[in-house]
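Subject: Handover of a structure and its findings

Dear colleague,

Please find the structure below, together with its sequence. I would be grateful if you could read the notes that follow with the model open beside them.

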Amino acid sequence: MKSFVIIAKKNEKSNRIKQEVKEKLLKHGWKYNKQFPELIICIGGDGTLLYAVHKYLSLIDQVKFVAIHTGTLGFFTDYTDDEVAICIDDILYKEPCIVSSPLLKIDIYGDTHKTKYALNEMRIENIKKTQILDVTIDDEYFETCRGSGICLSTQAGSTAYNRSLNGAVIDSGLSLMQLAEITGIQHSKHRSLRNPYILHNERKVMFYSSNFHSAFLCYDHLTISLKDAEKVQCEIADKCVKFARYREYSYLSRLKNLY
Ligand code: NAP
């Protein structure tokens, strides 16, 4: 790999590291190419990586990501800010192992058809009104949820919003989806599964509602209104985020950093 771009969080520390990495790589003959980079170097946190993934979604099949965390160690970041020199040496002199993390494909049907992608999760959220959602899995009716919404996460997203919903953390390397309600209402006239449901990666999950009016679709750090939507379909995409891993950083180490 010889062409790169750097996406840095907007703060002084990240910007300083960006300049250092950029200068060193340019000095060694690498080309800074914002339009068609081969390697995307993220400096900041897991949130910065999500931002970079969406910025370069149209090139996702061709690009690789490596990230430096300017806080603690993250799930998508392999280096801390006191390991910048190691990271630069690894990029310059080592051959990375490529680890892929599948994206979630989200199709929104209504007046128009839109397709979105998420690395962590998609959520249908309604903070104004109780959101009623019929859920089908592979075209079979599963349940009706009433509450603030629903979250469908990937393995990578299992430690993000899903974890705040008491969803299970899913081990690295497993490709599956996890469905969890957001503050679901349970009473004598209405019940839903309540527990998070871990689904096979070939499942297709559909969410229907006769009223999405004040609902939003949140996918990773992004949000769109669902006011004109009738149904939202989700499945594991054939697109992956490819991480360039130059060294072993165990999933357990990342996990133990979380709490
Ligand atoms: P953000 O500020 O970019 O991220 C919120 C927090 O989630 C940050 O601490 C971020 O870590 C962490 N994070 C992101 N992806 C993660 C992952 N896969 N595993 C563990 N932690 C992760 O917030 P945003 O722009 O609103 O949304 C980005 C993501 O944050 C969403 O996809 C969602 O999963 C998560 N989020 C979680 C909650 C919650 O748990 N209640 C609320 C809002 C958003 P860094 O500090 O390393 O960036």
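With which residue does Arg 254 form a salt bridge, and how far apart are the closest N and O atoms? The partner is Asp 78, and the closest N and O atoms are 2.9 Å apart. The term salt bridge is used here for a side-chain nitrogen of Lys or Arg within 4 Å of a carboxyl oxygen of Asp or Glu. This pair links distant parts of the chain, 176 residues apart: Arg 254 belongs to helix H5 (residues 251–256), while Asp 78 sits in the loop between strand E4 (64–69) and strand E5 (79–80). Helices (H or I, at least four residues) and strands (E, at least two) are DSSP runs, numbered from the N terminus.

Before going further, please note that this is a predicted model, in which local features need pLDDT of at least 70 and side-chain atom pairs count only at pLDDT 80 or more, whereas totals for chains, interfaces and linings use all residues. Residues are numbered from 1 along each chain as its sequence is written, and side-chain values use heavy atoms, with hydrogens and water left out.

Salt bridges

Both partners of the pair above are buried: Arg 254 has a relative accessibility of 3%, and Asp 78 has 2%. Buried means under 20% relative accessible area, exposed over 50%, and partly exposed in between (1.4 Å probe, protein chains only).

The count of salt bridges comes to 14. Among them is the one between the side chains of Glu 121 and Arg 123, at 3.2 Å from N to O. Glu 121 is buried at 2% relative accessibility, and Arg 123 is buried as well, with a relative accessible area of 11%. Salt bridges that share partners also join Lys 105, Asp 107, Lys 204 and Glu 235 into one network. Within it, the side chains of Lys 105 and Asp 107 meet at 3.0 Å, N to O. Lys 105 is partly exposed, at 22% relative accessible area, whereas Asp 107 is buried at 2%.

The ligand and its surroundings

Which residues come nearest to the ligand? Of the 17 residues around the ligand, these are Gly 47, His 69, Glu 121, Thr 159 and Ser 164; a residue is near if one of its heavy atoms lies within 4 Å. His 69 lies in strand E4 and is buried, with a relative accessible area of 12%.

A backbone N or O atom of Gly 47 is 2.8 Å from an oxygen atom of the ligand. A nitrogen atom of the ligand is 3.1 Å from a polar backbone atom of Ala 156. A nitrogen atom of the ligand also lies 2.7 Å from an N or O atom in the side chain of Thr 159. On its own the ligand has 820 Å² of accessible area, and the protein covers 62% of it (Shrake-Rupley method, 1.4 Å probe).

Helix H2 (46–55), strand E8 (121–125) and helix H4 (161–164) are the elements that give two or more residues to the shell around the ligand. H2 provides the largest share, three residues. Domain 1 (3–94) and domain 2 (103–239) both give residues to this shell, so the ligand lies between them; the domain bounds come from an automatic or database domain assignment.

Yours sincerely

Key
A polar contact is a pair of N or O atoms within 3.5 Å; within protein, one must be able to donate a hydrogen and the other to accept it, and residues adjacent in sequence count only if both atoms are side-chain atoms.
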